[in-house]
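Colleague: I would like to go through this model with you, a residue at a time. Please give the cut-offs as you go.

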Amino acid sequence: MYIKCPYCGINYMNENQEMCDVCTRDKKAVFIDDELCEICGAMLQYNEYKICGECMSK
Ligand SMILES: [Zn+2]
Ligand SMILES: [Zn+2]
(Lines give C-alpha, C1' and ligand atoms only; values in the text may rest on other atoms or scores of the structure.)
(Ligands and ions follow the chains in the order given, each with its own letter.)
Protein backbone atom coordinates (compact mmCIF):
# COMPACT_ATOMS: atom_id res chain seq x y z
CA MET A 1 0.00 0.00 0.00
CA TYR A 2 1.23 3.46 -0.88
CA ILE A 3 1.01 6.45 1.41
CA LYS A 4 2.07 10.07 1.04
CA CYS A 5 5.57 10.92 2.19
CA PRO A 6 5.44 12.76 5.58
CA TYR A 7 8.50 14.85 4.70
CA CYS A 8 7.59 16.42 1.37
CA GLY A 9 3.88 15.61 1.29
CA ILE A 10 4.09 15.35 -2.49
CA ASN A 11 5.47 11.98 -3.40
CA TYR A 12 4.05 8.60 -2.60
CA MET A 13 6.03 5.84 -1.01
CA ASN A 14 5.58 2.32 0.21
CA GLU A 15 4.13 2.43 3.71
CA ASN A 16 7.09 0.49 5.13
CA GLN A 17 9.53 3.15 3.92
CA GLU A 18 10.61 5.99 6.18
CA MET A 19 10.40 8.55 3.37
CA CYS A 20 10.05 8.73 -0.38
CA ASP A 21 12.94 8.16 -2.79
CA VAL A 22 13.27 11.88 -3.45
CA CYS A 23 13.60 12.72 0.25
CA THR A 24 15.98 9.82 0.77
CA ARG A 25 18.22 11.27 -1.91
CA ASP A 26 17.91 14.80 -0.51
CA LYS A 27 18.73 13.62 2.99
CA LYS A 28 21.80 11.83 1.70
CA ALA A 29 22.98 14.94 -0.13
CA VAL A 30 22.49 17.06 2.98
CA PHE A 31 24.33 14.52 5.08
CA ILE A 32 27.31 14.58 2.73
CA ASP A 33 27.25 18.39 2.66
CA ASP A 34 27.37 18.49 6.43
CA GLU A 35 30.35 16.23 6.75
CA LEU A 36 33.38 17.85 8.27
CA CYS A 37 37.07 17.25 7.80
CA GLU A 38 38.35 15.00 10.60
CA ILE A 39 41.54 17.03 10.89
CA CYS A 40 40.65 20.72 10.59
CA GLY A 41 36.84 20.58 10.77
CA ALA A 42 36.35 22.31 7.42
CA MET A 43 33.14 21.61 5.54
CA LEU A 44 33.44 18.83 3.00
CA GLN A 45 31.53 18.87 -0.25
CA TYR A 46 30.95 15.56 -1.96
CA ASN A 47 34.23 14.24 -0.75
CA GLU A 48 34.58 10.48 -0.55
CA TYR A 49 37.38 10.90 1.97
CA LYS A 50 36.93 12.12 5.51
CA ILE A 51 39.45 14.90 5.17
CA CYS A 52 39.43 18.09 3.09
CA GLY A 53 41.61 18.74 0.07
CA GLU A 54 43.86 21.02 2.05
CA CYS A 55 44.67 18.43 4.72
CA MET A 56 45.01 15.74 2.08
CA SER A 57 47.72 17.70 0.28
CA LYS A 58 49.78 18.01 3.44
ZN1 LIG B 1 9.23 12.85 0.28
ZN1 LIG C 1 40.97 19.68 6.67
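Colleague: Is Glu54 buried or exposed?

Modeller: Glu54 has 11 C-beta neighbours inside 10 Å. A residue is buried if 20 or more other C-beta atoms lie within 10 Å of its own, exposed if 12 or fewer, and partly exposed in between, with C-beta atoms placed from the backbone. Glu54 therefore counts as exposed.

Colleague: What should I know about the model and its numbering?

Modeller: This is a predicted model, in which local features need pLDDT of at least 70 and side-chain atom pairs count only at pLDDT 80 or more, while totals for chains, interfaces and linings use all residues. Residues are numbered from 1 along each chain as its sequence is written, and chains are lettered from A and ligands numbered from 1 in the order in which they are written.

Colleague: Which element holds Glu54?

Modeller: Helices (H or I, at least four residues) and strands (E, at least two) are DSSP runs, numbered from the N terminus. The protein has 2 helices and 2 strands, in the order β-β-α-α from the N terminus. Residues 53-56 form the helix that contains Glu54, namely H2.

Colleague: Which residues does Glu54 touch, beyond those up to four places away in sequence?

Modeller: Two residues are in contact if their C-beta atoms, placed from the backbone, lie within 7 Å. By C-alpha atoms, Glu54 is 9.7 Å from Cys37, 17 residues away in sequence. The residues that Glu54 touches are Cys40 and Ala42.

Colleague: How does Tyr12 count, with its C-beta neighbours inside 10 Å?

Modeller: Tyr12 sits in strand S2, residues 12-14. Its contacts outside four places in sequence are Tyr2, Ile3, Lys4, Cys5 and Cys20. Because Tyr12 has 13 C-beta neighbours inside 10 Å, the class is partly exposed.

Colleague: Which residues is Glu15 in contact with, leaving aside its neighbours within four places in sequence?

Modeller: Glu15 lies in the loop between S2 and helix H1 (21-33). With 8 other C-beta atoms within 10 Å, Glu15 is exposed. Its contacts are Met1, Tyr2 and Ile3.

Colleague: What share of the 58 residues in the protein is buried?

Modeller: Among contacts with a separation of 6 or more, residues 24 or more positions apart account for 0%. The buried share of the 58 residues is 5%.
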